[in-house]
Structures are given as structure tokens and as C-alpha cells.
Amino acid sequence: MCRHPRVFALAAVSALISCGSDGVTGLVAVTVTGDVLDYFTTTAVSGASVTIEGAPSLNATTAADGAYTVANVPATESLLLVVSKGAYRPTRNVPVAATGGTVGADLAVVGVSDVQRQYTAVAVTPTAGMGVVFVELVDGSGVPRTGIPAAAITLVDATQSPAGDGPYFFGAAGDIVPQIDLSQSTSFGGRARTAFLNVPVGSYTLRIAAGSPTLIAPVVIASGGATLVER
């Protein structure tokens, strides 16, 4: 039987205590590595800061080729990483499963000018401090979820009230388009995506009523940030 003589606070030691198959207690720490890319251009972003949400001391700066490595990360099934850099919005990426060993996680960061272009594309005025949400619509096999009408996609707060402006779908040129031009999810370049603009700071639930059961995902918005979701 594995015994834990002492349980340390996760934030204090950046590791979880677990029992190995040999019955010996050990510390589980994960190394997370990958590349940071510009969300819209997919080019490497150098000099960007990668931080583990909730553990700011666990961070890295990307190299010239966009590569980063963060060591001694607490093992978890849902690791959240935030990428930031000047001229970019702090970008909360899709959660990563990091339960042990070395985990590969390519990340994205959203440019300020690119976000402004999205507002212009749909004639919406940006509000200072508000966030944006970009959603990758993809099933468990990696196939884009197409044919989902805008009315089936909602972002709601704790009172179930709608939040933000949208949804808007990404068009063929790689930017969002007015709903009158594209009213359902469509795959362009192998991706089907949707977006919400002007989302206030806070916690929300994304709901996609495309069959049964309804797909849901938590969404957290930081001041002036961008949040990436995959569902």
C-alpha cells in the first residue's frame, strides 16, 4: 500500500504526489513543450511569454522559432496556458491534458490588429476591456463540425443570459463575416470556426445545440483578453 507521509500544497511544490506501480511514493512533474504561433498567420512568435494559469512562477519565453519549454509543471488532466506579448492580446489557450512525462502543446496568440479587423468585418464597435472568444468547431475525430446554425450556438453567463456579440462564423478569407453572409458553420481550409466579440470579464458557458447531447464548454474571459475554445 502506498502511503503519503506528507501532502504538500500544489502551488508550493509545483507537483502532485502519487503512488507508483512499485508502491513507492514519488513526485509527478510534467514538462510541457511546443511552439507558439500567431492565431491568424500561423507564423512563429518569438519573445512571447507562456505562463501556467494559476502558477505565474511557471513560465517560459519563446525562442526565435517560437519554441518554448516549461518544466516542473503539476500533473493535471486540464492544464491552462496563457500566451502574452506586446501587440497581442493575452490569449488563454485550449486546456491540455498533462498527466505525466513530456507533453507537446502548440499554442496560439491573437494579435491586437487582427482582433480589430474582426470588429470591422462585422461593423461592431469594440469596447475597451472586453474580451473575444474564438471557437474551433471539431469533433473527437478531428472532423470540422459543419452545418451548425448560428441560433444553436450561445454564450451564457451564470443566469443563462446571453453574453457578447455573436456568434459570427469565419469565412473563406480567414476572418469572421456578418451572419447575413454566413449563417451556419462551414469548413474553410479544413477548419470550421465561430467567434464572439465584446465579451465582458467573467466566467461563461458555451453551448452548442447540434444534436444530443448539447455540447458545452467553460469559457473564462480576462480583461482585454482572447480565449480559444475547442468543441
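Reply: In this predicted model, helix 2 spans residues 112-121, and its buried residues are D114, V115, Q118 and Y119. Seen down the axis of helix 2, these buried residues fall within an arc of 150 degrees, so they line one face of the helix. On the other side of helix 2, S113 and T120 are exposed, that is, each has over 50% relative accessible area. After helix 2 comes A123, which has a positive phi, near 55 degrees.

Turning to the open spaces, the largest pocket holds about 420 Å³ of space. Its lining is made up of 19 residues, and those closest to the pocket centre are Y39, A108, E136, R191 and L228. Two or more residues of this lining come from each of strand 2 (25-38), strand 12 (107-111), strand 13 (131-136) and strand 19 (226-230). By class, the lining of the largest pocket comprises 12 nonpolar, two polar and five charged residues.

The second largest pocket has a volume of about 220 Å³, and among the 13 residues that line it, V94, P95, A217, P218 and V229 lie nearest its centre. At least two lining residues are supplied by strand 18 (215-221) and at least two by strand 19, with strand 19 giving the most to this lining, namely four residues. The lining of the second largest pocket divides into seven nonpolar, three polar and three charged residues.

Technical notes
Residues numbered from 1 in each chain as written. Predicted model: local features only at pLDDT ≥ 70, side-chain atom pairs only at ≥ 80, totals over all residues. Heavy atoms only, no water. 1 Å grid on protein atoms, 1.4 Å probe; cavity = no way out; pocket = protein on both sides within 12 Å on 5 of 7 lines; lining within 4 Å. Points joined across faces, edges and corners; volume = space filled by probe spheres on them. Nonpolar A, V, L, I, M, F, W, Y, C, P; charged D, E, K, R; others polar. Buried < 20%, exposed > 50% of the residue type's maximum accessible area, 1.4 Å probe, protein only. Arc of directions from axis to C-beta.
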